[in-house]
Amino acid sequence: MAAALLLLLVPPVGLLAALAFLARPRAARVPLKGRHVLITGGSSGIGLAMATAAAREGARVSILARNLARLEEARAAIQRESGRGDVGVLAADVRDADAVARALREAGPVDVLVCNHGVFVPEELERQDMEEIKWMVDINLMGTFHLIKAALPAMKARTRETRLPGSIAIMSSQAGQVGIYGYTAYSASKFALRGLGEALQHEVITDNIHVSLIFPPDTETPGLEEEHKRRPELTNIIAGSSGGMKANDVAKKALDGIKSGKFIVPCNFEGAMLAVATAGLSPQSSPVMAFLEVIGAGLMRFAALCFQWNWFSTIESYYAKNKKRE
């Protein structure tokens, strides 16, 4: 109703003009060729796919993960696929701030930092061990703090030196946009990245650094296979309908978003709808996307209520059936 009234009061062209004035930060292109791109979780899955794609575009790539043997295998794969020999490997646990700082010093100044590391163990909060919850938060959230803190001073110096925009990309999840049964701890660790990213963008925009939050759906990686082994049955019923993606497809969407300086980077149609539904007070550099958010907000809220109705109905039905079996 509000969107319809707005269209009556302000013609679309006038609204677009207003949004072009309001949209912040200003749109930017973040080049990869000839620049240093550091990707965590780079030994497999989305991280490896992103590293390979960035190397193909002419970037000097460094990958960081815990297992040196897997990093060496990943380096060989990137070199083979991209034809580039200058691929750096850094073995460190993102939970260890000192180890991360040493790795970043070894790597040298970074132009594009991709915080792609992450772990996920689905389970109802009441049943999940607190050590497992802390493990997820330490890796998914605190590990991201450690990386950004270690990389930021040299990144600021690089943007001043090169006069080119830098990027800090944070890999969240669609579970960082909407909470789902069985994802309580994981969603908390991923929702927190949204607040980190929004506040950080304010702090680094005058240094010509753009923050991107990437929200992939279920992606066909070794991590997803392990996750499915632990998923509660009800989680599979609710989340099973969400379409999975290939790691290479997510990597392409992610890199395209980073290069465009987008703050919110959805990876599929469902993600694009979630981006509009959860836009809130997030930064938006595209007047067209801002227009879709303004006009689509009411419709997306209605769709969200429909989804929630379906999820709650599913939960109630599931528990009612299980009580009958007892």
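Me: Why does Leu 141 count as buried?

Reply: Happy to start there, with the note that this is a predicted model. Buried means under 20% relative accessible area. Leu 141 has 14% relative accessibility, so Leu 141 counts as buried.

Me: Where is Leu 141 found, and which residues does Leu 141 touch, not counting those up to four places away in sequence?

Reply: Leu 141 is found in helix H6. With residues up to four places away in sequence left out, Leu 141 touches Met 136, Ser 189, Ala 192, Leu 193 and Leu 196. There is also a C-alpha separation to mention: Leu 141 and Lys 190 are 49 residues apart along the chain, and their C-alpha atoms are separated by 7.2 Å.

Me: How do you know that the span of helix H7 agrees with its number of residues?

Reply: Helix H7 covers residues 184-204, which is 21 residues. At 1.5 Å a residue these should span 30 Å, and the end C-alpha atoms are 31 Å apart, so the two agree.

Me: Which residues of H7 are buried, and what do they pack against?

Reply: Among the buried residues of H7 are Ala 185, Tyr 186, Ser 189, Lys 190, Leu 193, Leu 196, Leu 200 and Val 204. The buried residues of H7 pack against helix H6 (130-162), strand E5 (166-171), strand E6 (209-215) and strand E9 (264-266).

Me: Where do Arg 163 and Asn 208 lie, and what is phi for each?

Reply: Arg 163 lies in the loop between H6 and E5, and has a positive phi of about 60 degrees although Arg 163 is not a glycine. Asn 208 lies in the loop between H7 and E6. Phi of Asn 208 is near 65 degrees, a positive value in a residue other than glycine.

Me: Is the peptide bond from Arg 24 to Pro 25 cis or trans?

Reply: That peptide bond is cis, with omega near -5 degrees. Pro 25 lies in the loop between helix H2 (12-22) and strand E1 (36-40).

Me: What does the domain assignment give, and how many residues take part in the contact?

Reply: The domain assignment of the protein chain gives domain 1 (28-277) and domain 2 (295-325). Their contact takes ten residues from domain 1 and nine residues from domain 2. The centres of the two domains, taken over C-alpha atoms, are separated by 30 Å.

Me: What is the area buried between domain 1 and domain 2, and how many salt bridges does the rule find there?

Reply: About 880 Å² is buried between domain 1 and domain 2, and carbon and sulfur atoms give 81% of that area. Across this interface the rule finds zero salt bridges.

Definitions and conventions. Residues are numbered from 1 along each chain as its sequence is written. This is a predicted model: local features need pLDDT of at least 70, side-chain atom pairs count only at pLDDT 80 or more; totals for chains, interfaces and linings use all residues. Side-chain values use heavy atoms; hydrogens and water are left out. Helices (H or I, at least four residues) and strands (E, at least two) are DSSP runs, numbered from the N terminus. The expected span of a helix is 1.5 Å times one less than its number of residues. Buried means under 20% relative accessible area, exposed over 50%, partly exposed in between (1.4 Å probe, protein chains only). Contact means heavy atoms within 4.5 Å. Domain bounds come from an automatic or database domain assignment. Buried area is the accessible area (1.4 Å probe) that two parts lose on being put together, summed over both. A salt bridge is a side-chain nitrogen of Lys or Arg within 4 Å of a carboxyl oxygen of Asp or Glu.
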